[in-house]
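I opened a new notebook page for this one.

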Amino acid sequence: MSSLASLASRLSLPTTATAPFCPSEVRGTVAVAPQGPWWRVLWQAAGPGLLVAVGYMDPGNWATDIAAGSQFGHGLLFVVLACGLAAIVLQSLAMRVGLASGQDLAQLARRHYSPAACRALWLLAELAIIATDIAEVLGAALALHLLFRVPLWVGVLLTGLDTLIVLGLKGHGFRQLEAIVLGLIATITLCFGVQLAIVGVDGAALAAGAVPDLARLAQPGALVLAIGILGATVMPHNLYLHSSVVQTRLGDRSEQGTRRALRLAGADTVVSLLLATLVNVAILVLAAEAFHGHGHRDVGSIEDAWRLLAPITGAGLAPLLFGVALLAAGQSATFTGTVAGQVVLEGFLNLKIPCWQRRILTRALAIVPALAGVLWLGQGAVGKLLVATQVVLSLQLPFAIWPLLRFAGNRQVMGRFAASRLMLAIGWLLFALILAANLALVAGL
């Protein structure tokens, strides 16, 4: 680390953690008007939910949703919807913990847990961030390959240049970061909206797939995909991230002000994650309509999906939109991964490093396995690698949900804003279901 700092000083690079990626540097920097038109106040409060939501539509989600849609049609749509609702519950609890306690989840863990437990939780959170970043590397590299015919291994190396984006945003406000994320989400949403309009949607099949039916999970390969969808949807490091970024809003810390902040942040969370859920539904439905419905039930990779879109739909625009949306999705970790990395590093270890160093370390740890996987297993293995990263995320989830629920229900930490018994009951039920699904997966390996 000292050699990096020495190099930074010679190259005039930042040697301290700076806005907008360092949580302590952006805390309370976004003002929310105490009164005014509801839409203006909500617009000022909106943003943290979007920053979390963009991680719910990354290339890892694409891989699991495309595989699920092509193999099982609309059959696993209920899993996507259930995971979206679970994400809303858990992220709402994370938001509440951050606003009510004034500390993020990692800081609370450092304050209440032993150093050994904090180090273990930090390592697991870092593993989740790296797994997410591997998915982003593979997704962005694949997008460059599909759109510009760049060799996949070259695309993997090119993703390392995203550190320049982090350097370019040095010292900017948190609102600029949120604006970029909003642009990514709008791009992805628009691209999939047009693709669905081209393909068409079977309303009856859509409704049938949305009805829960656990028997569908007994089909060969369905459980692994369902757990992959879970890991891609409810990301463990997003719980740490959300509990921190809600504190960027400057507001009244009185009881009335906190209640108002909770209402506004709650609306931001629900709307943002509903949008992310709709994007995931769109990906699965696109795969179901375009591939499963035309007899292509073994589309296990994003590249196969891209190649089949034009001949199946008869529209050359469909694969172009698909590639553009994939490129936008592949950039999401540049922002969420950097902020989440700083949150867990500062929270668990009380350590701050320059944001570009954080980005280089995370991206290097992602590029090495991604490049090794591409060179060793071949280009066709990208889909399997993406699904594997999401399964890793699912396995990490219980270790983030446990402290979240413990703190959310602790009145010494939360005061009168502790989560309700109903929310906690739902949270513990989700914890039990996720843990049981993970154990079933491990037992079946």
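The model is predicted, so to speak for itself: local features need pLDDT of at least 70, side-chain atom pairs count only at pLDDT 80 or more, and totals for chains, interfaces and linings use all residues. Residues are numbered from 1 along each chain as its sequence is written, and side-chain values use heavy atoms, with hydrogens and water left out.

**Entry 1, pockets.** I noted what a pocket is here: on a 1 Å grid over the protein atoms alone, where a 1.4 Å probe fits, it is an open set of points with protein on both sides within 12 Å along at least five of seven lines, and lining residues have an atom within 4 Å of a point. Volume is the space filled by probe spheres set on the points, which are joined across faces, edges and corners.

I looked up the largest pocket and got about 650 Å³. It has 24 lining residues, with A82, C83, L214, L217 and L433 closest to the centre. What classes make up this lining? I found 24 nonpolar residues, no polar and no charged ones. Helices α6 (77-101), α13 (222-233) and α22 (421-444) each give at least two residues to the lining; helices (H or I, at least four residues) and strands (E, at least two) are DSSP runs, numbered from the N terminus.

The second largest pocket holds about 520 Å³. I counted 10 nonpolar, six polar and seven charged residues in its lining. Of the 23 lining residues, R249, L250, G251, D252 and A261 lie nearest the centre. The largest share, nine residues, comes from α15.

I checked lengths against the expected span, 1.5 Å times one less than the number of residues. Helix α8 (residues 115-148) has 34 residues and should span 50 Å; its end C-alpha atoms are 48 Å apart, which agrees. For burial I used under 20% relative accessible area as buried, over 50% as exposed, and partly exposed in between (1.4 Å probe, protein chains only). In α8, 24 of the 34 residues are buried, so the helix is largely enclosed by the rest of the structure. Just after α8, R149 has a positive phi of about 60 degrees.

Helix α5 (residues 59-72) should span 20 Å with its 14 residues, and its end C-alpha atoms are 20 Å apart, which agrees. α5 is mostly covered, with 13 of its 14 residues buried. G73 follows α5, and its phi is positive too, near 60 degrees.

Where does T248 sit? I found T248 in the loop between α14 (236-245) and β2. T248 counts as buried, at 2% relative accessibility. Its side chain makes a polar contact of 2.9 Å with that of R249; such a contact is a pair of N or O atoms within 3.5 Å, one able to donate a hydrogen and the other to accept it, and neighbours in sequence count only if both atoms are side-chain atoms.

Is L397 buried or exposed? L397, in helix α20 (residues 382-408), is buried at 0% relative accessibility. Leaving out residues up to four places away in sequence, L397 touches L230, V234, M235, P236 and I434, where contact means heavy atoms within 4.5 Å.

Terms used: Ala, Val, Leu, Ile, Met, Phe, Trp, Tyr, Cys and Pro count as nonpolar, Asp, Glu, Lys and Arg as charged, and the others, Gly among them, as polar.
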